[in-house]
Amino acid sequence: MQQHQSKIDLEHLQSIYNEGDFLECLKATDFFLLVNPQNHDGLLLKAKCAFELSFDYDTDNNFLDIAINSFEELLNLVPSHEESMLYLAYISIIITGTNLSKAISYCTQLTASVHLDTRIKAITYRQEAYFQTGEIDPSLKDLDLLIKLNQAHALETRSLTDQKLGDLYAKKAKLYLYHKNNGTKALEIFKEGLAHGYKDVYIYILVANLAIDLQDYEFGGEIAQTALFSSNVNVDEDLLSLYNRLNELTQKGIINQSIVYAMFIARKIYHEHLGYDTVEMLNFAQHYIKVYPDWSIPYHYAGAALYEAQSYGEALSYLKESLAHGGLALGLQRFIEVTYRINGQLPVIEKWPVDSPVMYYNAGVNFFEESERNIRNTDNAGELLKIRANFYKISYDSFYEYFFNGKGNATHNEPHIFSMCCNNYGIALSELGEYETAVEVHKLGYTLSPFWEQLSSLATALFALKRYEEVIEVAEQASNYESEYLGFEDYIDLKGKQLGAIYNLGRKEEASNLLNLIEEEYNNFISANINELTEQDRFLLSQRYIVVQNIRHDLLSENSLENAVQVWQDQLNKNPDDNSSWYMLMQNYFQLKDYRQCIACADNYQSVKGTAITIESVQKVYYMRGMSYLYLGDHISAKENLNNLLDNCQPGIETDESTICDTNINLAQCSYALQQWDECMDFSLAAIACYDRNNWKWDDIRLRATLLYADACKAAGETNAAIGTVINILKVVPDNEEALKRKKEWKSGGLFSFLKKR
């Protein structure tokens, strides 16, 4: 019975430890040991609790002493207790730096452990102890052991294995360099370690300088390139010093492509600090074009300098030449944009350059933020999206080969950049309607390096697939991120997605309750931060709040329109900057046929929204305002809005084709009312053309468009064309009363004969 009770008590104590309440666990374990003073598991738990508490630097305590004493007491009871030896070795070697010989003996015993993880830790600690005692040869032997063990027993991913092995090779090389004064051997080891890569940019700087010291200039230039591309520091003095060394080499006549490439990179990154402007970069590039006429790099940097100076015509020839000799991903991005600027059309990309996944990711980002933003219009938007997606796809595929197929260069070991690539690639896939693939990409990206934006993008793709339960879970997970990562405007957007998913599942009462909670949070935030929020901040908040307001609109649609109008007016009273309320009121007034109020709300919405208005909203605003003017008999204003609607539609897109057709018919009606017969005919024919190119069947709208065309022909004095059109209608719809009436009247010169061409 006593033994059974002890087991229960230990399970309870272990649960407290697992929850991280180490102080409570220590107190409870002390009480347990009063009754069971030599219980092995109890002593181990006490020692581990005290060890964890020793890292609390805010308390004046002797927890580390308690831990040491408890581990030693357990070791006295069980001399081969591996966990106690491992902890004691770690404390002596890593924390206190005392009793190193005893710690080394523990580690040596542990190298015979059947547990691989224990053996690796023991050798790691022992290697550090040998280093601290100045025993460099034994330290090197342990590093060789660790390298062999890690190579033979890879970690769960190649990424972690490469990172571990890179650290070991760097440590081994440094021992040869600084403690055995053997630079040649050190460089040899550094080269071996490159197969696994180094996470620290200063390792690359060290290796580049060492290679130069040993006159291995080609290799030194290659590593200098990697160092420069790896730096995240705005101005790094060590990298500037490395650049100066490379510059000195060229002045001495020591020139090769790897050194020159590294100098191009440095001059590009540090151009302000080094005082190099566009002209100097161009002169530098042109000099090396003469030296290496078939090398893409000088052409690339000449084109880049001219591109950034907005000398697009001059940049184009350099960028084109660079790509002809292989080129780079960023050069392709600029080439596409510049070609469109100069020629008015996108180039045919015959071959995508060979470049790293990081560079293709950067090119994709630049393409979206620079090229698309500058040259995008309704005609080329679809093609630009496909190009952007392909930049990210190439990056994604290369990263995937490294992380999941064990192929590719160790410099691809950038899990967070891969994760960001997954996010951007997934967004592009969703825009292309490839939601299933987008979901897979986002989920993979989140496992590599979690961040809330990935979850938000995942929720968007899941929502499009109507996987609402998953949307709720993912949005809730993302909205729980700390405020230092997740801004309130993004929090509101996530809650809106969650709200929309709940509503679409038919859980309307739950949706209504959540809507009220979100509204309360939203209003409280604005009230609490009103003095700090800029106009741009308030606008961004209102943008994010649209998702929530859309659900309010859906919930209100089940009640009367009059009630909905009152609710939206109340919303405006609470938040005058809320552009979505104007948008909803515009729609409600249109449905109520209060067209003057609809026009006023459309004007206010467009004014508040400004340039941030989406193409879908632009179309709806122009449609409702245009039709409101039409119903009010103001055909001139109606035409102005409906023409703007046409300008914002893209032929060839299925949904837009329907809008184009309807808009042309309404424009034809306006033109007829204004007695603009030629325009009426043109608009009618444009509507009919929509039917023909989309192979739509005749219906009432097609009849209406064709009759309008016939009426305009008759009014313009083109009676034969008018009668011929009516006859064509009757061939398709023989019993159409309107067509029959026109045929009869026009042949006898009756009802419409008074209309003359103006």
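**Loops, helix pairs and a buried residue**

Author: Q675 counts as partly exposed because its relative accessibility is 37%, where buried means under 20% relative accessible area, exposed means over 50%, and partly exposed lies in between, with a 1.4 Å probe and protein chains only. The model is a predicted one, in which local features need pLDDT of at least 70 and side-chain atom pairs count only at pLDDT 80 or more, whereas totals for chains, interfaces and linings use all residues. Residues are numbered from 1 along each chain as its sequence is written, and side-chain values use heavy atoms, with hydrogens and water left out.

Q675 sits in the loop between α34 (654-673) and α35 (677-694), helices being DSSP runs of H or I with at least four residues and strands being E runs with at least two, both numbered from the N terminus. The phi of Q675 is near 60 degrees, a positive value in a residue other than glycine. Most residues other than glycine have a negative phi. Another positive value belongs to N695, which is not glycine and whose phi is near 55 degrees; N695 is found in the loop between α35 and α36 (700-715), and with a relative accessible area of 68% it is exposed.

A polar atom of the N39 side chain lies 3.1 Å from the backbone nitrogen of D41. Neighbours within four places in sequence aside, N39 is in contact with L10, F32 and L33, contact meaning heavy atoms within 4.5 Å.

Residues including L43, L44 and F51 of α3 meet residues including I66, F71 and L74 of α4. By class, this contact has 12 nonpolar, two polar and three charged residues; Ala, Val, Leu, Ile, Met, Phe, Trp, Tyr, Cys and Pro count as nonpolar, Asp, Glu, Lys and Arg as charged, and the others, Gly among them, as polar.

For another helix pair, the axes of α18 (residues 312-324) and α19 (residues 329-343) come within 9 Å and cross at roughly 135 degrees. That angle makes α18 oblique to α19. Among the residues that meet are Y312, L316 and L323 in α18, with F335, V338 and I342 in α19. Eight nonpolar, three polar and four charged residues make up the contact of α18 with α19.

Inside a helix, finally, N423 lies in α22 (residues 415-431), and it is buried, with a relative accessible area of 8%. Its side chain makes a polar contact with the side chain of S457 (2.7 Å); a polar contact is a pair of N or O atoms within 3.5 Å, where within protein one must be able to donate a hydrogen and the other to accept it, and residues adjacent in sequence count only if both atoms are side-chain atoms. Neighbours within four places in sequence aside, N423 is in contact with H442, F451, E453, Q454 and S457.

Methods. Axes are lines fitted to C-alpha atoms, for helices over the stretch in contact, and angles run from 0 to 180 degrees between N-to-C directions. Angles under 35 degrees count as roughly parallel, over 145 as roughly antiparallel, 65 to 115 as roughly perpendicular and the rest as oblique.
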